[in-house]
Amino acid sequence: MKLDKPVTGGPCWTELGTDDTAAAKRFYTELFGWRPERDPRVEAGGYTVAHLGDAAVAGLAPLYQESQPVAWDVSFAVTDADAAARKLTEAGGTVLVGPMDVLDVGRFTVALDPAGAAFQLWQARSFPGAGLFNAPGSLGWVELMTRAPERAVAFYTTLFGWSVNASEHYTQWGLDGADFGGMVTMDDKFPPEVPPHWLPYFAVEDVDTTTATATSAGGTVLMEPTSVPDGPRIAVLRDPQGAVFGVYLAGDEG
């Protein structure tokens with residue numbers, strides 16, 4: 001990811017919804033060296049912010065609805081959550097939650113793109129989003145997995161003004177020349193029950209070692225460490241509760 005701070009239209013935060021926050025804290029602390037801090041306010045609902053040093057890098061939250069899957073979500077920064085939600089609907093997306101205030105920290109919306117991939121809009125107030133990108137243990141890339149790539153391009157470029165850098169094998173998203181993510185077309189290798197989704201990738205110092213650590217901590221390897229041609233070394237993992245995420249070699253994101 002060439003972005004080093006939250007910018008309007010770009011990814012600003014990633015958040016895990018899980019049915020076992022205590023186990024998630026143990027797993028990701030072992031994997032990434034995070035320092036989790038639970039918000040003590042009752043109205044925060046048990047929300048935990050993971051830190052590296054003094055920088056907030058990710059959120060860990062209990063499931064708030066029975067229908068909510070255990071999964072990582074990606075948030076994109078907007079200046080006006082209400083206006084963005086209207087634009088999203090006009091472009092063919094669906095608002096699931098909000099827009100609504102989150103204490104004094106911001107205003108957010110949970111939405112689906114036209115193909116059904118969930119994501120969030122974040123209008124910052126006291127909390128702008130992650131304080132660190134691309135460093136080991138922090139967010140460094142976001143990837144859309146979809147069965148409708150053409151609809152996705154039309155939708156996200158309309159909503160956020162992203163640039164599209166498409167090659168024969170991969171499409172990259174960008175803002176003002178800074179690529180921050182990509183898109184993969186879900187083919188028959190993906191089971192039909194796997195929905196379209198956004199996949200966060202975290203930077204690590206050693207993909208193979210991180211993969212081995214994840215396995216020993218109860219996680220599952222979905223894609224073994226692989227060196228992408230003209231790209232980074234990556235792996236896709238699943239935590240013990242079922243949330244999927246990627247890792248890549250820090251400093252080699254492209």
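Val 207, Thr 210, Thr 211 and Ala 214 are the buried residues of helix H4 (residues 207-216). Buried means under 20% relative accessible area, exposed means over 50%, and partly exposed lies in between (1.4 Å probe, protein chains only). The four cover an arc of only 100 degrees around the axis, which puts them on the same side of H4. That arc is taken from the directions from the helix axis to the C-beta atoms. Helices (H or I, at least four residues) and strands (E, at least two) are DSSP runs, numbered from the N terminus.

This is a predicted model: local features need pLDDT of at least 70, side-chain atom pairs count only at pLDDT 80 or more, and totals for chains, interfaces and linings use all residues. Residues are numbered from 1 along each chain as its sequence is written, and side-chain values use heavy atoms, with hydrogens and water left out.

What do the buried residues of H4 pack against? Their partners are helix H1 (21-32) and strands S13 (197-204), S14 (220-227), S15 (233-238) and S16 (244-249). At the start of H4, a side-chain oxygen of Asp 206 comes within 3.0 Å of the backbone nitrogen of Asp 208. Just after H4, Gly 218 has a positive phi of about 105 degrees.

Now the cores. A nonpolar core is a set of buried Ala, Val, Leu, Ile, Met, Phe, Trp, Tyr and Cys residues joined through side-chain atoms within 4.5 Å. The largest one has 39 residues. Phe 76, Phe 119, Tyr 156, Phe 160, Trp 162 and Trp 198 touch the most other members. Helix H3 (residues 149-160) gives the largest share of this core, five residues. Apart from it lies another core of 23 residues, including Phe 27, Val 57, Val 207 and Ala 214.

Next, charged pairs. Side chains of opposite charge can pair when their charged atoms come close. A salt bridge puts a side-chain nitrogen of Lys or Arg within 4 Å of a carboxyl oxygen of Asp or Glu. The structure holds six salt bridges, including these:

| Pair | N to O distance |
|---|---|
| Arg 107 and Asp 101 | 2.9 Å |
| Arg 125 and Asp 101 | 2.7 Å |
| Lys 189 and Asp 187 | 3.3 Å |

Arg 125 sits in the loop between S8 and strand S9 (139-146), and Asp 101 in strand S6 (residues 94-102), 24 residues apart. Arg 107 is buried, at 16% relative accessibility. Asp 101 is partly exposed, at 41%. Lys 189 is exposed, at 69%. Salt bridges that share partners join Asp 82, Asp 101, Arg 107 and Arg 125 into one network.

Key:
Contact = heavy atoms within 4.5 Å. Polar contact = N/O pair within 3.5 Å; in protein donor to acceptor, adjacent residues only side chain to side chain.
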